[in-house]
Amino acid sequence: KKEKSEMHDSKEDPRMFQKGRPEYKSFSYNKFEPVETLPLEEGDSILHSVAVCNGSQSPGTITDYFHKLSRLPVEQHAALVSKPGFNTLGRCTIKNIRLFSTSDLIDILKACVRLVVPPTHPLLNACENEFCRRVWDMNLDQLLLVADCWRCLERSVPSYLSILFSYANMHWKDLTLPQFVQLVYIIGEGRRSPTDLTQKVESMILKYLDSFTLEELGAICLGLFKSLSGISDHVMRKIADRVSLQMEDMSTYALVNVLKILRYTRMDHLRILKELGKVIPARIPTINIQGIMHITLTCSSLHYFDEGVMAAVAMSLPSKVTYCRSKDAAKFLWSFGCLDYEPPNEEEFYSSLIEQMHRKLHEFRKFPEHLLTGLLGLAFVKRYPEELIDYALRDEFVQKTRGSKYELRKDLFTLSKSVEIECPSYQGSRLPPQLYQEITKMVLDFAEQEIYVRPEIVEAVSLLESMLGGPEYVKNHMILPHTRSSDLEVHLAMDGHPIPFNSKDPIADKKLKDIGVSLTDDLMTQLIKGRSTSQSPVEVENEARTANQEREEETGTPHAGNRAVFSGGALIADATLQVEPKSGRYLEAPPPLALNRQPQGVKLAIQVSNRNHYCYSSKRLLGLHCLKRRQLKQLGYVVVELPFWEWFPLLKRTRLEKLSYLHYKIFDPAL
């Protein structure tokens, strides 16, 4: 029973909405519809007749043969399809295919679904071509039914779908509510979004929003998510409004589909997230592992921390962990690390997931991004499983990452450098120096263009230079490039006086004061209030979507539209190797070094933080930024923060107020 409850049926689960209205029977295939089973002898008789007549039967007779053959005992279907007589029947159908009526041809296709005819069978090739030819002579119910049959047969039919979408576009005003939902389902299963329908789909969602069943609403969200269909904030917010009011009445499967599109659109809908915290924890033990993963990933992608949800997930997971795919295990580790949450059962929780990572090691050869996702999530909470790290940093695995559809070099860089700082006793594989240099240059080039020039950082640098005595006293750079956010470095002598150390300031050379950043009211509103934190990557998933989009979801990389507002963002994290690591020990991280209070003084690492460094609507640091501060301290720096809730409002205040604030932050002994 448990095994069954954990299994996700990717073909049937998305079709549950079809049970909600009788109209769906007209344009969807129901595999559970009861049929009278015929004796096996009937099938032998039919195949014998086909052989004797050598395919000379009428289209009506052939259609009847297919119908009867599909009613033979299910356990005989595989053997039947491979028999010469069935192939003869198929050749006869192909030869005379234009003589069949459309309804007869649809009946043959339905029989093929029941018989589980292989998707590449020649008969299906001929049927697809013929249906493409007849589209404009068919009605919408027939077109949707044929598309549904192709889905049941797991046959990719891009040409047919393209014509179907054109037909639907021309007859849009005639679509009924069930036809519309079925069409969006088909769009999702086809994994492509017809751009000319986007606006019409949104209008139809708004038109029928209060009339959809909750299962239909979930199906629409899944269709949009799978097809990468863009959806406006307005429509997404309307959907979330309704779901937040009726969440208790919604099936978990439908709710998870809403959460998928919510994280895809990076929607910061606080009501739905708060309601999730009330409804979901009690359900967690009954949800299958993939559903739990999507719930957890939604929270981490949106940087939303709800301890009740996360604790319920952590308590339930060890008993379910063997059902985790490599992707699931990695995203659980990422999500908990991203939110910097170590649950009450942390040792059991983490050990069970790390063991599952070892068990699924063979999957990482095909999906190297998942191993890095999991290891980075562990690094955020200062856990370093030695054998898995050694495996991930081997040359063979690094070569595998080059073939991935994701950019994984920065992930390797962050992992390897973190191990170097926090695990000095580590003796395993390391990245080659050339790769270090290559990635460092890539990260620093991006920082110069996108991070160092942000107005809140430029203002802080300018004021610090004035206060301390010039550009030689402040360095705007990345002390730890692998953490991908900037630092303002300041050195103080033991008597508190600033020490000049920045002999060459490449940032000053760029004349930042001439970039023309104006602190307008609109910009200040964005800086202080902003939009939602970014999700997506290590989306994430897969879970069907563009590779980079899914990766962004899983890692919390800022959306392009927010890049001018958010600093750094969260980390991007949603091979055939000859030797596999054994399940094993953690690397021990050394205690932090004593603060650099030698005669040369103190080194300050000033953090100009922003909302994207924190959990949503909170002062809880995300995992990457916890890791960064921890490592800065390990290297002897004193971390001083200019938190966004203090610094951003000051940007519009007087110069004197800003200087007074910075003086307090830099020189107050208590800090």
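Please bear in mind throughout that the model is predicted.

That pair belongs to the pairing of β1 with β2, which is antiparallel and extends over three bridges. Strand β2 covers residues 487-492, and six of its six residues are buried.

With strand β4, residues 602-608, β2 runs antiparallel and is joined by five bridges. Within that pairing, Val-490 has Leu-604 of β4 as its bridge partner. With strand β3, residues 498-499, the arrangement is again antiparallel, with two bridges. Here Leu-492 stands opposite Pro-498 of β3. The hairpin formed by β2 and β3 has five residues between the strands, and within this hairpin Gly-496 adopts a positive phi near 95°.

I return now to strand β1, residues 475-477, where His-477 is located. Is His-477 buried or exposed? Its relative accessibility is 15%, and His-477 therefore counts as buried, the threshold being under 20%. What does His-477 touch, if residues up to four places away in sequence are not counted? The list consists of Tyr-452, Ser-486, Asp-487 and Glu-489. With Glu-489 there is also a polar contact between the side chains, at 2.7 Å.

Let me turn to the helices. Helix α26, residues 455-468, and helix α32, residues 655-667, have axes that come within 10 Å and cross at roughly 75°. The two helices are therefore described as roughly perpendicular to each other, a class that spans 65 to 115 degrees. On the α26 side, the contact is made by Glu-459, Ala-460, Leu-463, Leu-464, Ser-466, Met-467 and Leu-468. On the α32 side, the residues are Arg-655, Lys-658, Leu-659, Leu-662, His-663, Ile-666 and Phe-667. By class, this contact of α26 with α32 comprises nine nonpolar, two polar and three charged residues.

The loop between α8 (140-152) and α9 (158-170) contains Glu-154. The phi of Glu-154 is positive, near 55°, in a residue other than glycine.

Arg-191 lies in the loop between α10 (177-189) and α11 (198-208). Although Arg-191 is not a glycine, its phi is positive, at about 60°. How does Arg-191 count in terms of accessibility? Its relative accessibility is 43%, so Arg-191 counts as partly exposed.

Met-267 is found in the loop between α14 (252-264) and α15 (270-283). With a relative accessibility of 1%, Met-267 therefore counts as buried. How far apart are the C-alpha atoms of Met-267 and Met-236? They are separated by 7.5 Å, while the two residues are 31 residues apart along the chain.

Technical notes: Residues are numbered from 1 along each chain as its sequence is written. This is a predicted model: local features need pLDDT of at least 70, side-chain atom pairs count only at pLDDT 80 or more; totals for chains, interfaces and linings use all residues. Side-chain values use heavy atoms; hydrogens and water are left out. Helices (H or I, at least four residues) and strands (E, at least two) are DSSP runs, numbered from the N terminus. Buried means under 20% relative accessible area, exposed over 50%, partly exposed in between (1.4 Å probe, protein chains only). A polar contact is a pair of N or O atoms within 3.5 Å; within protein, one must be able to donate a hydrogen and the other to accept it, and residues adjacent in sequence count only if both atoms are side-chain atoms. Contact means heavy atoms within 4.5 Å. Two strands pair if DSSP finds at least two bridges between them. Axes are lines fitted to C-alpha atoms, for helices over the stretch in contact, and angles run from 0 to 180 degrees between N-to-C directions. Angles under 35 degrees count as roughly parallel, over 145 as roughly antiparallel, 65 to 115 as roughly perpendicular and the rest as oblique. Ala, Val, Leu, Ile, Met, Phe, Trp, Tyr, Cys and Pro count as nonpolar, Asp, Glu, Lys and Arg as charged, and the others, Gly among them, as polar.
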